[in-house]
Amino acid sequence: MNNRKLQVAVATPLREELCEWIEACEPRLELKRDQTLLPPMRHPADFAGDPTFRRSPEQEAKFEALLAEAEVLYGIPDVDPARLSQVVNANPTLRWVHVMAAGGGAQVKAANLSTEQHKRVRFTTSAGVHGGPLAEYAVFGVLAGAKHLPKILDQQRAHQWSERWMMGQISEQRVLLLGLGGIGREIARKLSLLGMHVMGVSRQQRPVDYVDEIISPNQLHAAASRADAVVSSLPGTDATVGMVNEALIASMKPGVTVVNVGRGTVINEPDLIRALESGHVGLAVLDVTATEPLDKASPLWDLPNVLLTPHTAALSAFEDQRIAELFIENARRYIDGEPLINGVDTVEFY
């Protein structure tokens, strides 16, 4: 490339000090931004920003001009796939978009871009940045099931001192991991260090560190029958929708713990609810649901054997900086003509 700096439009909220830090770390790029055009962040990694924020017509025109002149976008504008489509159509010089989400492939798919547009514009995600926090949440979920957390809470609220009971020891149990990407591998590492026997499903059938058994997809039901806990970190794709369904749940051990830190669409919720109501699933620990926010009428809210959080397990005070670090490395690779990390598969969109 020539000496002209790579023009990157900041399309999502990003603290000014991080903008300056990115430019200092990779001086061959320039972050084009106007903080008045971006919604205020309510907390770290709040890339949607304050939902009450509105641009004036003049601000909107400035924002569109900023996006139309960039070669690279840092984030999807307004976290809106329709707006991403508009920018790709309006800006023929756009070549790369970095998406804040780890599972950003779904957002790219929702933009409904053409094959030619996908050839012109590369997309990368922030996969890997969230591995540590999501793995901790998964460990929490597995432990909550083994230690009967809902029972503990119920008895404490009722001031009930019951007879003693046997708690599960995860060092004597098996976990089945659905998904062995960056998040799944970190879950495997953490649970393995606690002495848990780790099984993981993989189409490639290659060994993975800290995974004791690699399970082929056609062995899934058999493996599920041996698992005390099943943890999904799968992305939301056409191939994974409803993967955890009535048939798979029926093959699981009675009292199994189900944890989901991937995408809510992986689980068929009506099937899961029936299994929770019958007690076949002992505990579901869900940070994600098929539709978010979860419908207030959903039985998941009130079932005593469900722990539910509002897609918040990945958030940490350092997420913004970790994403910035990943972007800096990819910007270096982009400028130097090297392959980018975390490229979106535009066939399966993960």
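Visitor: Where is Gln205 found?

Guide: Gln205 is found in the loop between strand 7 (197-201) and strand 8 (213-215), where helices (H or I, at least four residues) and strands (E, at least two) are DSSP runs numbered from the N terminus. This is a predicted model, in which local features need pLDDT of at least 70 and side-chain atom pairs count only at pLDDT 80 or more, while totals for chains, interfaces and linings use all residues. Residues are numbered from 1 along each chain as its sequence is written, and side-chain values use heavy atoms, with hydrogens and water left out.

Visitor: And what does phi look like for Gln205?

Guide: The phi of Gln205 is near 60°, a positive value in a residue other than glycine. Most residues other than glycine have a negative phi, and most peptide bonds are trans. Gln205 also counts as partly exposed, at 40% relative accessibility; buried means under 20% relative accessible area, exposed over 50% and partly exposed in between, with a 1.4 Å probe and protein chains only.

Visitor: Which other residue has a positive phi although it is not a glycine?

Guide: His148 has one too, of about 60°, and its place is in the loop between helix 6 (131-146) and helix 7 (149-157). His148 is partly exposed, with a relative accessible area of 27%.

Visitor: You mentioned peptide bonds. Which residues does a cis peptide bond join?

Guide: Glu292 and Pro293 are joined by a cis peptide bond, with omega about 0°. Pro293 sits in the loop between strand 11 (281-286) and strand 12 (306-308).

Visitor: Let's step back. How many helices and strands does the chain have?

Guide: The chain has twelve helices and twelve strands. Its radius of gyration is 22 Å, close to the 20 Å that the globule rule gives for 350 residues, so the chain is as compact as a globular protein of that length. That radius is taken over C-alpha atoms, and the rule is 2.2 Å times the number of residues to the power 0.38. Along the principal axes, the C-alpha atoms fill a box of roughly 70 × 45 × 35 Å.

Visitor: How much of the chain is buried?

Guide: Buried residues make up 48% of the 350 residues in the chain. As for contacts (heavy atoms within 4.5 Å), residues 24 or more positions apart account for 64% of those with a separation of 6 or more.

Visitor: What about the largest nonpolar core?

Guide: A nonpolar core is a set of buried Ala, Val, Leu, Ile, Met, Phe, Trp, Tyr and Cys residues joined through side-chain atoms within 4.5 Å. The largest one here has 48 residues, and those with the most contacts inside it are Ile22, Tyr74, Val97 and Phe327. Among the elements that each supply at least two residues are strand 1 (6-10), helix 1 (16-25), helix 2 (57-68) and helix 12 (319-336). Helix 12 gives the most to this core, with eight residues. There is also a second, separate core of 30 residues, which includes Leu234, Val256, Val258 and Val281.

Visitor: One more: is Leu38 buried or exposed?

Guide: Leu38 is buried, with a relative accessible area of 5%, and lies in the loop between strand 2 and helix 2.

Visitor: Which residues does Leu38 touch?

Guide: Not counting residues up to four places away in sequence, Leu38 touches Val10, Ala11, Thr12, Pro13, Phe53 and Phe63. Leu38 and Arg54 are 16 residues apart in sequence, and from C-alpha to C-alpha they are 9.2 Å apart in space.
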